[in-house]
Amino acid sequence: MKGRCPVCGAESNQEFKPYNIPYFGDVMLFAVSCPSCGYHSSDVMLLSGGKNKKRHEMLVSSVEDLNTTVVRSSYGRIEIPELGVSVEPRKGESFITTVEGVLMRVERVVKMLSREEEGARKERAERILRRIEDIKAGKAKMKLIIDDPTGNSAIIPR
Ligand SMILES: [Zn+2]
C-alpha cells in the first residue's frame, strides 16, 4: 500500500500484516517506511487473546522460559528489576520477539553505553552483562514486567 510519509510528504510504503501466535491469536503489524527520507515506524495491535490486560509479569527462571513470546507495542514499557533496566516506550518502535530477544536488546544497549563509561558506572554495566549471561544459562532468575496503557503488549508463555 502507498501513502504519504508523515515526515517529508513523499510517497511511502505502508504495510498491514496479520501475524499469528500459536495458542494466542492474531496480531496486526503496521509498518511505514519512506525511501525518500529513511523514516521508519512500526506498531502492533493485539486482535484477540490477552487484549486489554495492561500489565504482564513473568518470572524467568529456566532456559525454556527464554523462548516465551514477547509482544511490545510502541506504548509498552519493559522493566527488569533484577537488572535495574527498563526499555522505555517510543512511538513507532514496536517488536515481537522472545524473552531472549529482549535480553539481547538490553545487552546491546548496555555494551554500547559501557564503552563510554569509567569507574563505578562501568563496573555496574559489567555486572549487568554478567547477570544476563547467568540468566541466559538458566543460573539466575529475573522478573520481566510490561506495562502498556493501550493493552496491546503481551507476554505469551507456550
Ligand atoms: Zn519521508
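**Close-up 1. I155 in strand 11 of the predicted model.** Strand 11 spans residues 154-156 and contains I155. I155 has 22 C-beta neighbours inside 10 Å and therefore counts as buried, the cut-off being 20 or more. Beyond the residues within four places in sequence, the contacts of I155 are H56, M58, T68, V70, L144 and I146. T97 lies 58 residues from I155 in sequence, and the C-alpha atoms of the two are 9.9 Å apart.

**Close-up 2. R158, in the segment after strand 11.** R158 has 11 C-beta neighbours inside 10 Å, so this residue counts as exposed; the limit for that class is 12 or fewer. Residues up to four places away in sequence aside, R158 touches N67 and T68. T68 is also among the contacts of I155. Between R158 and R130 there are 27 Å from C-alpha to C-alpha, at a sequence separation of 28 residues.

**Close-up 3. Helix 2, residues 119-136.** The helix has 18 residues, and the distance from its first C-alpha to its last is 26 Å, close to the 26 Å expected at 1.5 Å a residue. I128, I132 and I135 are the buried residues of helix 2. Viewed down the axis of helix 2, the buried residues fall within an arc of 65° and so line one face of the helix. In general, residues three or four places apart in an α-helix point the same way, because there are 3.6 residues a turn. G119, A120, E123, R130 and D134 are exposed on the other side of helix 2. After helix 2 comes G138, with a positive phi near 80°.

**Close-up 4. Surroundings of the buried residues of helix 2.** The residues concerned are I128, I132 and I135.

**Close-up 5. Packing of helix 1 and helix 2.** The crossing of helix 1 past helix 2 is left-handed. On helix 1 the contact is made by E100, L103, V106, E107, V110, K111, L113 and S114. On helix 2 the contact residues are K122, A125, E126, I128, L129, I132, I135 and K136. The buried residues I128, I132 and I135 of helix 2 are included in this contact.

Definitions and conventions:
Residues numbered from 1 in each chain as written. Predicted model: local features only at pLDDT ≥ 70, side-chain atom pairs only at ≥ 80, totals over all residues. Helix = DSSP H or I, 4+ residues; strand = E, 2+ residues; numbered from the N terminus. Contact = placed C-beta atoms within 7 Å. Expected span 1.5 Å × (residues − 1). Arc of directions from axis to C-beta. Axes fitted to C-alpha atoms, helices over the stretch in contact; angles between N-to-C directions. Left-handed = near helix turned anticlockwise from the far one by under 90°.
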